[in-house]
Amino acid sequence: YRFENRLFLEMNTKGNVEIVRIVPLLLVPFVENIFKYADLSDASNPARIELKVEDGVLEFSTCNRKRKTVSFSSPGIGINNVKTRLQSSYPDRFFLHLDEGGSFFSVDLKIIL
């Protein structure tokens, strides 16, 4: 409703993503943050979500243009919870990189299954 049915978002999957099992709801905070903080009105810069499974490795990434103004603040517990869950469920088997610089926000996550 907030976007008046005009969202510019791309999602791509590659590999057998349907059969892979990871900790429940692990990726949800990153997707939620796109809808909460991204500028989804720019057709030339759609938000992007990619999920790939290959050779026993799950790769998840997002990239989106940041909204110029955000009318609410967040304590940031979603991403901190994801980091804690990754560390407890996949110690020494994951890589997480968040890039908040400039006008874009991106997430790169790799989990060795």
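**Exercise 1. Strand pairs**

Task: Which residue of E5 stands opposite Phe95, and how do E4 and E5 pair?

Solution: 
Step 1. Phe95 stands opposite Lys110 in E5. This is a predicted model, in which local features need pLDDT of at least 70, side-chain atom pairs count only at pLDDT 80 or more, and totals for chains, interfaces and linings use all residues. Residues are numbered from 1 along each chain as its sequence is written, and side-chain values use heavy atoms, with hydrogens and water left out.

Step 2. Helices (H or I, at least four residues) and strands (E, at least two) are DSSP runs, numbered from the N terminus. Two strands pair if DSSP finds at least two bridges between them.

Step 3. Apply them. E4 and E5 pair in the antiparallel sense over six bridges.

Step 4. Look at the turn. The hairpin of E4 and E5 has four residues between the strands. In this hairpin, Gly102 takes a positive phi near 70 degrees.

**Exercise 2. The strand E3**

Task: With how many bridges does E3 pair with E2 and with E5, and how many residues of E3 are buried?

Solution: 
Step 1. Start with E2. E2 and E3 pair in the antiparallel sense over seven bridges. Ile49 has Thr62 in E3 as its bridge partner.

Step 2. Go on to E5. E3 and E5 pair in the antiparallel sense over nine bridges. The bridge partner of Phe60 is Leu109 in E5. Val57 stands opposite Ile112, also in E5.

Step 3. Check the cover. Buried means under 20% relative accessible area, exposed over 50%, partly exposed in between (1.4 Å probe, protein chains only). Seven of the nine residues of E3 are buried, so E3 is mostly covered.

**Exercise 3. Positive phi**

Task: Where do Asp55 and Asp92 lie, and are they buried or exposed?

Solution: 
Step 1. Recall the rule. Most residues other than glycine have a negative phi.

Step 2. Take Asp55. Asp55 is not a glycine, yet its phi is positive, about 50 degrees. Asp55 sits in the loop between strand E2 (47-54) and strand E3 (57-65). The hairpin of E2 and E3 has two residues between the strands. With a relative accessible area of 76%, Asp55 is exposed.

Step 3. Take Asp92. Asp92 has a positive phi of about 60 degrees and is not a glycine either. Asp92 lies in the loop between helix H2 (77-89) and strand E4 (94-99). Asp92 is exposed, with a relative accessible area of 76%.

**Exercise 4. The buried side of H1**

Task: Which residues of helix H1 are buried, and what do they pack against?

Solution: 
Step 1. List them. Helix H1 covers residues 28-37, and its buried residues are Pro29, Phe30 and Ile34.

Step 2. Find the partners. The buried residues of H1 pack against strand E1 (9-14), E2, E3, H2, E4 and strand E5 (104-112).

**Exercise 5. Contacts of Lys14**

Task: What does Lys14 touch, not counting residues up to four places away in sequence?

Solution: 
Step 1. Locate Lys14. Its place is in strand E1. At 48% relative accessibility, Lys14 counts as partly exposed.

Step 2. Apply the cut-off. Contact means heavy atoms within 4.5 Å. Beyond the residues up to four places away in sequence, Lys14 touches Leu51, Lys52, Val53 and Glu54.

Step 3. Compare sequence and space. Lys14 and Val53 are 39 residues apart in sequence. From C-alpha to C-alpha, Lys14 and Val53 are 6.4 Å apart in space.

**Exercise 6. The largest pocket**

Task: How many residues line the largest pocket, and which element supplies the largest share?

Solution: 
Step 1. Define a pocket. On a 1 Å grid over the protein atoms alone, a pocket is an open set of points where a 1.4 Å probe fits, with protein on both sides within 12 Å along at least five of seven lines; lining residues have an atom within 4 Å of a point.

Step 2. Read the lining. The largest pocket is lined by 22 residues. Asn33, Tyr37, Ile79, Glu100 and Phe105 lie nearest its centre.

Step 3. Assign the elements. H1, E3 and H2 each supply at least two residues of this lining. The largest share, seven residues, comes from H1.
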